[in-house]
Amino acid sequence: MRMTNISRINFAHLPTPIETLPRLSEALGGPQLLIKRDDQTGLAFGGNKTRKLEFLVAEAHDQGAKTLVSGGALQSNHCRQTAAAAARFGFKCILVLTGEKPQLHSANLFLDDLFGAEIVYVAERKDRDRILQETFDRATNEGMKPYLVPYGGSSPTGALGYAFAMKELMEQNSRVDWIVFATSSGGTHAGLLLGQRMFGYKGTVLGISVDESEKWLKDHVSELASLASDKLGKRIEFIPEEVLANANYCSAGYGVLTERDREAIRLFATYEGLLLDPVYTGRAAAGMIDLIRKGFFKKDETVLFLHTGGQPALFADQYANKI
């Protein structure tokens, strides 16, 4: 594919390492397990949103923006990294977060405050889109020159971060049979799908849903990957059937810790000394472990778990001492 010039500010710590998980692989008796440490991208404890923000912050700068506006859950990893990027590059930051204002800020919310973000609290998730737009309009009217960073950084621009992550991964290990990761707003998933086509990855990309239905993910991710390809100079049309998503592990709801999630977090900690988060990587790992136990993966295959970060949430009031 002939690619047009895309603005990017390189601040992530790349390439992130790929490590083997020998003790966990042995304990589960399944395929060889690897992990790609995108929890080590460097910005504010790292995480997958940093790759997206390299493109999103560059786009905001190109548009002459002075303020980054975004939204998410009270313990949003995306919002934490957005606030940090704003602080680093001299933007103001306004975050619209779903949840009641707590007496004490903990974990990601504490970091949002530390990075100087203005926080707007929304009691009900159903009102978040409206209040996010109202907040953006207010910032516009007040001359703050806002740039709207979408939920999870999941826009065509943000998805480019994981298209190029696929190239990085293949240069490190081209023999991975499966890439397994948490999927929700779809940007990471769409980027990997686009990168698979662009760089010729022959394995399978499997998103474990944190909260969305399989149909929604198939429709949304295929559309987002198509739109992202436009930014690289030539549209690639993806169809829902090309998106592999498993929504069998998210019925408890977003951010609701299940026994499977707890077990997965403890298994990674006790066998490999690795920390997962209670919302995204914990749930994706729980799904992967269940699939291993069911024989979904062949024993001679190599499965790479993409660690998308989020560990600060372990210290949030609703999760601390409950895992």
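This is a predicted model: local features need pLDDT of at least 70, side-chain atom pairs count only at pLDDT 80 or more; totals for chains, interfaces and linings use all residues.
**Salt bridges, rings and cores: a short tour**

Asp38 lies in the loop between β2 (32–37) and α2 (49–62), while Arg51 lies in helix α2, so the pair ties together parts that are 13 residues apart in sequence.

Asp39 forms a salt bridge with Arg37, and here the closest N and O atoms are 2.9 Å apart. Are Asp39 and Arg37 buried or exposed? Both of them are buried.

Now let's go much further along the chain. Asp261 has a salt bridge to Arg283, with 3.1 Å between the closest N and O atoms. Asp261 belongs to helix α9 (residues 259–272) and Arg283 to helix α10 (residues 281–293), so this pair ties together parts that are 22 residues apart in sequence. Asp261 and Arg283 are buried too. Salt bridges can also share partners, and in this way Lys36, Asp38, Arg51 and Glu168 are joined into one network. How many salt bridges does a search of the whole structure find? The search finds 22.

Let's turn to the aromatic rings. The whole structure holds 8 aromatic pairs. Take Phe11 and Phe89: their ring centres are 5.1 Å apart and their planes are at 55 degrees, so we call the pair tilted. This pair links distant parts of the chain, with Phe11 in the segment before β1 (18–20) and Phe89 in helix α3 (residues 77–89), 78 residues apart. Phe11 is buried, because its relative accessible area is 4%, and Phe89 counts as partly exposed because its relative accessibility is 30%.

Compare that with Phe55 and Phe164, a stacked pair: 6.0 Å centre to centre, with 15 degrees between the planes. Phe55 lies in helix α2 and Phe164 in helix α6 (residues 156–172), so the pair ties together parts that are 109 residues apart in sequence. Phe55 has a relative accessible area of 2%, so Phe55 is buried. Which residues form one aromatic cluster? They are Phe55, Phe164 and Phe199.

Last stop: the nonpolar cores. The largest one has 34 residues, and those with the most contacts inside it are Leu33, Val180, Phe268, Met288, Phe297 and Phe305. At least two residues each come from α1 (22–28), β2, β7 (178–183), β8 (204–209), α9, α10 and β10 (302–307). Which element gives the largest share of this core? That is α10, with 7 residues.

Have a look at Met288 on the screen. Leaving aside residues up to four places away in sequence, Met288 touches Leu33, Val180, Phe268, Phe297, Val303 and Phe305. There is also a second, separate core of 24 residues, which includes Ala44, Leu74, Tyr147 and Val149.

Notes: Residues are numbered from 1 along each chain as its sequence is written. Side-chain values use heavy atoms; hydrogens and water are left out. A salt bridge is a side-chain nitrogen of Lys or Arg within 4 Å of a carboxyl oxygen of Asp or Glu. Buried means under 20% relative accessible area, exposed over 50%, partly exposed in between (1.4 Å probe, protein chains only). Helices (H or I, at least four residues) and strands (E, at least two) are DSSP runs, numbered from the N terminus. Rings of Phe, Tyr and Trp (its six-membered ring) pair if their centres lie within 6.5 Å; planes under 30 degrees apart count as stacked, over 60 as edge-to-face and the rest as tilted. A nonpolar core is a set of buried Ala, Val, Leu, Ile, Met, Phe, Trp, Tyr and Cys residues joined through side-chain atoms within 4.5 Å. Contact means heavy atoms within 4.5 Å.
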